[in-house]
Amino acid sequence: MTANQIMFILFSVMIVTFSILTVTSRKILRAAVYLLFVLVSTSGLYFMLNYQFLAAIQLTLYAGGIVVLIIFSILLTSHISQKFESIEWKKSFFTALAVIGGAIVTIVTILDHRFAASKQAAAEVNMRFIGKSLLWTGFEGYALPFEVISVLLIAAMVAAIVIAKKSGPSGSDSQTLKK
Amino acid sequence: MINFSYSIWLLLIPLMMFFILGLAGHKLGPRLSGLLGTSGLAIITMLSFIIAYSYFFGTPKNGEGFKAIIAYNITWLQLIDNLHIDIGVLLDPISVMMLIVVSTVSFMVHIYSLGYMKGERGYERFFAFLSLFTFSMLGLVVAPNIFQMYIFWELVGISSYLLIGFYYQKPSAVAASKKAFIVTRFADLGFLIGILILSFYTKTFDFITLTDPSGPAIAKTGGATFMGLSVITWSMIFVYMGGVGKSAMFPFHIWLPDAMEGPTPVSALIHAATMVVAGVYLVARLFPVYVMASPQALHIIAYVGAFSSLFAAVIACTQTDIKRVLAYSTMSQIGYMMLALGVSGYGGHNGLGFMASMFHLFTHAMFKALLFLGAGAIIHAVHSNFMTDMGGLRKYLPITHITFLIACLSIAGVPLFAGFFSKDEILAAAFEHNKFLFAVEYAVAGLTAFYMFRLYFSIFWGKETQYHHTPHEAPLTMTIPLIILALGAALTGFIPFNKLVTSDGLPFESHLDWGVAVPSVIIGLLGITVAWAMYSKSSNLPDRVASAFRLGYKWAYNKFYMDELYLFITKKIIFRYISEPVAWFDRHIVDGTMNAIATVTQVTSFRIRKFQSGQIQQYAFVYISGVIFLVILLVYIWR
Amino acid sequence: MNTGIPIQYFLILATIMFFTGIYGFLTRRNLITILMSTELILNSVNINFMAFNRYLFPHKLDGMFFSLFIIAVAAAEAAVAISIIINIYRRFTTINVEDVDEMKY
Amino acid sequence: MDILSLFIIIPLLTITGIILVKDIRNVKKVAAIGMGIQLILAAVLIFLYVAERKGGNISEMLFIKDIVWFKSLNIHYAVGVDGISVAMIALTSIVVFAGIFASWEVELLTKEFFISLILLATGVFGFFISIDLFTLFLFYELAVIPMYLLIGIWGSGPKEYSAMKLTLMLMGASALLLVGILGIYMHSAPSGNQLTFNILEIKQYVIPITAQRTFFPFTFVGFGVLGALFPFHTWSPDGHSSAPTAVSMLHAGVLMKLGGYGAFRVAIYLMPEAAKELSWIFLILTSISVVYGAFGAIAQKDLKYINAYSSVSHCGLVLFAILMMNKTAMNGAVIQMISHGLMTALFFALIGMIYGRTHTRLINEMGGLMKVIPFLSVCYVIAGLASLGLPGLSGFVAEMTIFVGAFQHPDLFHRVVTIVAITSIVITAVYILRVIAILLLGPVTNPKYENFRDARWYEKTSVIALILPVAAIGMAPFWLSSTISSSMQPIIDKIMAINLF
Amino acid sequence: MNLQDFLLMRQELLLTLAAIIVLAAEIFWNPAKKKSVIFFAIIIFSLVTAAGMIPSEDGYLFGGMYISTGLMRLMKNILDIGVLIILVQSYTWLMKPENEERISEYFILIFTTLVGMDFMISSGHFLMFYLGLELATIPVAALAAFERYKNKSAEAGIKLILISSLSSGVLLFGISMIYGTSGLLYFYDLSKVFAGGSLQILGFIFFFAGMAFKISIVPFHLWTADVYEGAPVNITSFLSVISKGAALFIFIIVLYTVFPVIIESWQKTILVTSILTMTIGNLFAIRQQNIKRFLAFSSISQAGYILLGIIGANQAGMTSVVYYMIVYIFSNLGAFGVITAISNATGKENIDDYNGLYQTNPKLSLTMTLALFSLAGIPPVAGFFGKFFLFAAAAEKGFYFLVLIAVLNTIISLYYYLLVVKAMFINKNENPVMKFKSDIPTRFGLMICVLGIFLTGFASIIYEYIKNLSFGI
């Protein structure tokens, strides 16, 4: 067993375990922490695959940004100590059945496929190349998506503000408490 | 050759009269309408006589007998290249004879009605309908093809319907008219099917082609068969079914007695003299086909005729409504004519039955119209139809009495009166062909004499009845037709029918067969004597006789329960067991299915509403299941 | 590939993660945990892209860029979702998903 | 402007006129004038048609106007008429004209009523002049849909149920028809050639037999439902009984004819092989229709129900005759359409007028009307007599043509079903006379009836407009028959060309 | 970037610019005159719409990531017109005091959403497609939750965003498989190397599910009714018309250009799902009481019909789909316009409330009737033509069975459309919607819809124009 294989097993066990814990844990904050573990382990996989840039992004944006956002919102909306009621066995059973069925079908299909390994040399993944690609407007350049995502982020920001901002004087905060 | 094309006016004049009187009658007023109608008929009668004269005496014969002449013909409706409905005028001995009968009787009835119907509501309407009837009947008579005959056949049916139901506010009249139309319509169904079968095999409607011995109808006899009879025979049986209906033969006779609900002149015209003999005329018209291509059908005709005549005569003996007695008598006499046709052969002396039938048709028209008109005069005088309300009327109604007596003598076959000659020819023809039927007819002859004189004695003799107001003789407009018809009833027996109206158009020699005539006269006289004994004075003899044959009398009095049988079939079977179930089936099964489709949709819609539970996770579950399902379906099952 | 790990392993891992995320989505009661489940789903997709890119098409960076953008979109999506969730909390005073079913049938 | 398009334009102009009229009372006058012009136009069309034929023009359709509409699908606005269409157009104009006068007393939402009614008429006119399957179908649906509002708003009884049922069943039929038409279109030319919706072009090509087998039932049933084919006729009794007078008239008089017309113009004409193969099924169904409708009518108590079932019977005869696929029977079918259209419209008009006076349609509650309203009663009798096939009125001509034609069919089965169908003439007589006896004759049952007024002028106009052609056809059928017959020739040629017999 | 390139991308660029201008206006405008932003934004948007109509050449940018063809520009123009109508119809609603605080946000979100759709339509690469899709979805969720003070609105927002994130996860999983089996993400290149193995089909189905969510194809539709009911009426019409239309359009483009190899698979998929979609949509629509919910299910079944145009994979199919979208936009916006007007005037949204509407508001009733008839496919209005062409396209490839199912479904749909018509014309009501006069923008919007409903059908030029731009496999 090579070091790579050991690493892979380690990460994958972590990912699977914490994923399952994320979706089953009965304490919400713990779930968030498990999610963090999953995301961190995933970034480990990226490192393993030699995509350091993305791994870094994963760590900062995903693990750092989104999880923190989630934890904030948990704090806003939930009691930390609150434990969820356990799920109806029927619901979890049927869901598990469907999900496991789906997973099996998908995995079987994947295993059925013969992937042809690339014979071409791997491109070097460095910041220079990434930066160039992101600003390149020609074939295989990502300038346009880059611009579009900025619009998307602005829109999301506006959207979040529209929903979340307190109403002004003429708004209907008076109605807020009325359910 | 004489040009007969003017004969189309025979049809046009009454049609015009119908429209004028029907559309503008209420503007013209009763008096003018009546006169207009009657004068129209006068012209027609004149035309008929002219035509008859020139046909029988104006055409050169050259030993070939009378030929059928197509006097007028236009295509009315083209159906197939070789099948088309024409409207035209065919003149041959029987149609010309019928023209005389129809126009004369109709004319008489018109004149009679001027007086009889005076003051009735709907006087104009009455004359309009009479014109319609005359038009239809003449059209039927002169029809050169079987389809025209069918058309006018239907038209006389509707005229009959309208005239029977003339007193439309009287429920019994309404019911009777309806019954008459539907029963004959049912028979006409057979007629139509017969026509269709006939035309399918012969590709023609034309009478001349049909009756041509070398034509398709007769020469093709050996063709297709069905149940042992040739298709032509079947078609002729079906055609005869129409005749049975219109001529009130058993078992379609039930409408005729009820039809007496109509005004009496109508009974005289339609239900005695003209329309009801249409069946006889139809058979006579197609006689060569019957004789040569379908003898079996002819047998049926003979037996149906004989049975009907006996059956009706028996019933007639028990009825008390004078018009009903006359109606059954009519049925009986038509049975005679049918029988005569049924036992007749073709050509020369073999065709004696044919000639006798036509002869009897002619004389019967005279005396039966006379009887009905006489009865009308009586009813007019006493305001009752029942002979129990009458008696001793000879003092009050002398002219009616005499004319009525002449008619009775004539129908009873007393020598020298018209009925004697014609009936004797029939008996002679029957004697030659079928002894059994001959015996039946002898019995009928006796019964006829009995019930006619039962009628006569009960009305004019018998007990002295008290009337609300003294009966008085009818006005001139009514008595003149009586007198004219009485002349006819007395004298027409001397017309040499064997020279004029024969099965093949050629004259033949025939003599009175005394061997047949004498016994029949004796039987007739016997009947008269019995009637005289029972009814000339008021006595309890009739009741005693009736109770002696209680069961038979009861059955005969109730017309052998034929009406009840029909009622059962129509009300119970058709209405209760067919129509109502059909209506129910339609509402609940057929329509129910359609509604059920709608209901099932609604119910399904309600049942599946749980899918839309409002739960996001349930939505997502369906979503994921959908994906997995599609993957399994498309990747693994259905490739 | 050089590491001695067949690509299928990555794919299986990603698939398991994907369906685990779906399981979470379908069963968790709290809206925020549902949101967390969607992050798992997206993450699994990223693993797919990265593995494919590295193993099969290493001469280009399509997969990597795709993942990059997925992460950005996920952030935006999470932001909006969380703002709506907070609004839900204001309106319903709960973020239990089963209580958010005013509209149905 | 070609004369045929005027048949669509004039109703549309009339509708515009109605919308623009300020005074509600003038609405009906505008409608009457518009439809009067339409009637005159129909007369002009007949005249032009006859003149053209006299002039030796032997093309199948006359006055063809063909405008490309949707080029890529080869959809055209194509109109043209042969003798049959001309006859149907004349029928429609008469019935619509009479219908306007029959609804003279509509009070509720007068404007909307006449707009819907004329819209309906527009659809019918368009249908009859179309020779393009697409426009044909368009006008067909256009004719059906105003019915919903007409019955739903101005009807009586369970009007909402009836209106919905009628609309859904008829649109269901048009759904089948749509499949049929698309099927025809997709097989309308040899592969590689431009597909076409034009009937005249499709008929020159023999649609492959397998396609015919699939699409003939769709097309025939699609049209058949409108022609009250058993067992899809149940919209008819409910629909008719709930509909206002003029709508019943138009519907039974004209709209049901769309079914028969379409059945032979599209189903039989374009797919004769399949028609021949499958005709036995539909012959059985139609002969059931004929007899069953008649029996059904006997047991009814509501005047409109009686007439609706009678229509089922008579329209069944139309489809029956069409399926015989010979010239005479199909001739008869067309005459029957016209005849039934006129007399059933007459019936419904009279029923509406009687209902307007007695406020009931149950025959058992009425009696002796002949004495109090003689004009209407006599007209009712005439309608009845026409219906039971009295010679001298149109019904007889139609029925006899059908029966004689059908009975000439060389196949025994066809002759047997013909005999089954013929029995209907007796049953018809039974229910017609039953109604006349109960309703019109006998003593006056209700003293209130003595105060009734006989027909008003507009009622008379309506009724006479219908009776005249009934009598005219009945007495002089030759010109109509020969016009139809010569127009039937191309259809017969097509049937003969494939060697059916 | 030269003028040529600008012309190619003008719709997206100008829209983005418009969004930024409105954003600037929000910041710099005098707070007292906030309401005039409405007119300002609408005018800007109409200018953008007009600019979209300028003819230009076909072409591509960014190495094929952005494609612009005549059909795409046409589709964008159609969407622009639709949005313009919606904006006009929103006028009354925006003028309400509780909304006037957020007028400019409303426009920004609408504009950015539209930018997303435009990019999605013009995408030549799965990444662009994905970004466009998300851009077209995320702001809409916020719009659905726009009425913060309403429970239903919030619920609509959360349902939309959660299901959409799930579905984008599924979609991405599918795209990853497509990428993994082909190594390409450009549409044009992909179509040449696509082979059609099991995994590719699996990838396609995951992708399909992600799209189906947007189009609300059964069984991926369940969010639709709830979101439609909860969202503000304008957003409902936006979702049902614009959002769905854009997704359908790109769906057909992707199917035709990327997946021609596995045509049999996707035809089967569409066969199954379209039958389900039509039938389930109709069955649910029958028993709805809320008119928005009712139109939600009706729009689901409409999507089912549109799938018939796609399944044939022929030029006629694409033409008929685009054509039907035009028809559908006018019809549905007509219906929603009436609903908006009544909702704004009275707050009533139940079908029962429409009883006797004709007595009080005949013009609104007539508009509604026309719109519903058009949706039901009744001549002479445009819906008839649209449906006919859709069915003809399916029939051309022999899908007669599907056509039969579809036409039978139109009968069910006719039934429930007639229920509304019946409510308006026939049913009696003690307490009908009072007589009111709608304001000019509303009337203007409805007028455009009515004109569109009539003219789109008769004017064959529209159909022929689309036909020239369309293509099949």
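**Figure 1. Chain B of the predicted model, with its 26 helices and four strands.** The model is predicted. The C-alpha trace of chain B spans about 110 × 65 × 55 Å along its principal axes. Chain B has 639 residues, and 59% of these are buried. For contacts in chain B with a separation of 6 or more, 81% are accounted for by residues 24 or more positions apart.

**Figure 2. Packing of helix 25 of chain B with helix 11 of chain E.** Two packed helices are described by the angle between their axes and by the distance between the axes. Because angles of 65 to 115 degrees count as roughly perpendicular, helix 25 of chain B and helix 11 of chain E are roughly perpendicular to each other.

**Figure 3. Residues at the contact of helix 25 of chain B and helix 11 of chain E.** From helix 25 of chain B, the contact is made by Thr601(B), Gln602(B), Thr604(B) and Ser605(B). Helix 11 of chain E contributes Leu283(E), Phe284(E) and Ile286(E). By class, the residues of this contact comprise three nonpolar and four polar, with no charged residue.

**Figure 4. Chain A, with six helices and zero strands.** Read from the N terminus, the elements of chain A follow the order α-α-α-α-α-α. The C-alpha trace of chain A spans about 65 × 50 × 30 Å along its principal axes. Chain A has a radius of gyration of 22 Å, whereas a compact globule of 179 residues would have one near 16 Å. Buried residues make up 33% of the 179 residues of chain A. Of the contacts in chain A between residues at least 6 apart in sequence, 45% join residues at least 24 apart.

**Figure 5. Chains A, C and D: contact and separation.** Eight pairs of chains are in contact, and among these pairs chains A and C share the most contacts. Chain D does not touch chain A, and the nearest C-alpha atoms of these two chains are 37 Å apart. Chain D does not touch chain C either; here the nearest C-alpha atoms are 25 Å apart.

How values were computed:
Residues are numbered from 1 along each chain as its sequence is written. Chains are lettered from A and ligands numbered from 1 in the order in which they are written. This is a predicted model: local features need pLDDT of at least 70, side-chain atom pairs count only at pLDDT 80 or more; totals for chains, interfaces and linings use all residues. Helices (H or I, at least four residues) and strands (E, at least two) are DSSP runs, numbered from the N terminus. The radius of gyration is taken over C-alpha atoms; the globule rule is 2.2 Å times the number of residues to the power 0.38. A residue is buried if 20 or more other C-beta atoms lie within 10 Å of its own, exposed if 12 or fewer, and partly exposed in between; C-beta atoms are placed from the backbone. Two residues are in contact if their C-beta atoms, placed from the backbone, lie within 7 Å. Axes are lines fitted to C-alpha atoms, for helices over the stretch in contact, and angles run from 0 to 180 degrees between N-to-C directions. Angles under 35 degrees count as roughly parallel, over 145 as roughly antiparallel, 65 to 115 as roughly perpendicular and the rest as oblique. Ala, Val, Leu, Ile, Met, Phe, Trp, Tyr, Cys and Pro count as nonpolar, Asp, Glu, Lys and Arg as charged, and the others, Gly among them, as polar.
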